Amino acid sequence: LHVRSRRQRQMCIRDSSVSIYPNPSYSEVNVDITGWNAETLNVSMLSLEGKVIESKELKIIGNQSIVSFDTQNLSAGIYLIRIDDGINSTTTKLIVK
């Protein structure tokens, strides 16, 4: 069992970066995650109401991982991309046109 201190949990997010491109998206969006201190992440696309549209489990390989979501059949609007390691999470806005 590995227990992280509060400071370690905060560092997981602070030392990481998330890039979403293209944003706005027309057919596919890539989520590029760098520096997240976890073995596995759950990356989800949500509606603004919080409904999960699609969720993927991502194994971290090295220091960077990329996951893609198909946005071609989504209605135009604002969506959220949530990244969660079971302890920490971050959410970023995605625009679909």
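**View 1. Strands S2 and S5 run antiparallel, joined by seven bridges.** S2 covers residues 28–34. This is a predicted model. Within the pair, Asp32 stands opposite Ile66, a residue of S5. Strands of a sheet pair through backbone hydrogen bonds, in either a parallel or an antiparallel way.

**View 2. S1, S2 and S5 make up an open sheet of three strands.** The order is S1-S2-S5, and the pairing is antiparallel. S1 (17–21) and S5 are the edge strands. Each has a single partner strand, so one side of each has no neighbour in the sheet. On average, neighbouring strands here are turned by 15° against each other, with direction ignored.

**View 3. The loop between S1 and S2 includes Pro22 and Pro24.** The bond from Tyr21 to Pro22 is cis, with omega near -15°. Asn23 and Pro24 are also joined by a cis peptide bond, and here omega is about 20°.

**View 4. Thr71 sits in the loop between strands S5 and S6.** S5 spans 64–70 and S6 spans 77–84. Is Thr71 buried or exposed? Its relative accessible area is 0%, so Thr71 is buried. The cut-off for buried is under 20%. The side chain of Thr71 makes a polar contact with the side chain of Ser25, at 2.8 Å. Leaving aside neighbours within four places in sequence, Thr71 also contacts other residues, among them Tyr26, Ser27, Glu28 and Val29. Met45, Leu94 and Val96 are in contact with Thr71 as well.

**View 5. Val96 belongs to strand S7.** The strand covers residues 89–96. Val96 has a relative accessibility of 2% and therefore counts as buried. Which residues does Val96 touch, not counting those up to four places away in sequence? They are Ser25, Thr71, Leu74, Ser75, Ala76, Gly77 and Tyr79. Val29 lies 67 residues from Val96 along the chain. The C-alpha atoms of Val96 and Val29 are separated by 9.1 Å.

**View 6. Ser25, Thr71 and Val96 can be viewed together.** Thr71 is in contact with both Ser25 and Val96. Between Thr71 and Ser25, the side chains make a polar contact. Thr71 is buried, and Val96 is buried too.

How values were computed: Residues are numbered from 1 along each chain as its sequence is written. This is a predicted model: local features need pLDDT of at least 70, side-chain atom pairs count only at pLDDT 80 or more; totals for chains, interfaces and linings use all residues. Side-chain values use heavy atoms; hydrogens and water are left out. Helices (H or I, at least four residues) and strands (E, at least two) are DSSP runs, numbered from the N terminus. Buried means under 20% relative accessible area, exposed over 50%, partly exposed in between (1.4 Å probe, protein chains only). Contact means heavy atoms within 4.5 Å. A polar contact is a pair of N or O atoms within 3.5 Å; within protein, one must be able to donate a hydrogen and the other to accept it, and residues adjacent in sequence count only if both atoms are side-chain atoms. Two strands pair if DSSP finds at least two bridges between them. Axes are lines fitted to C-alpha atoms, for helices over the stretch in contact, and angles run from 0 to 180 degrees between N-to-C directions.
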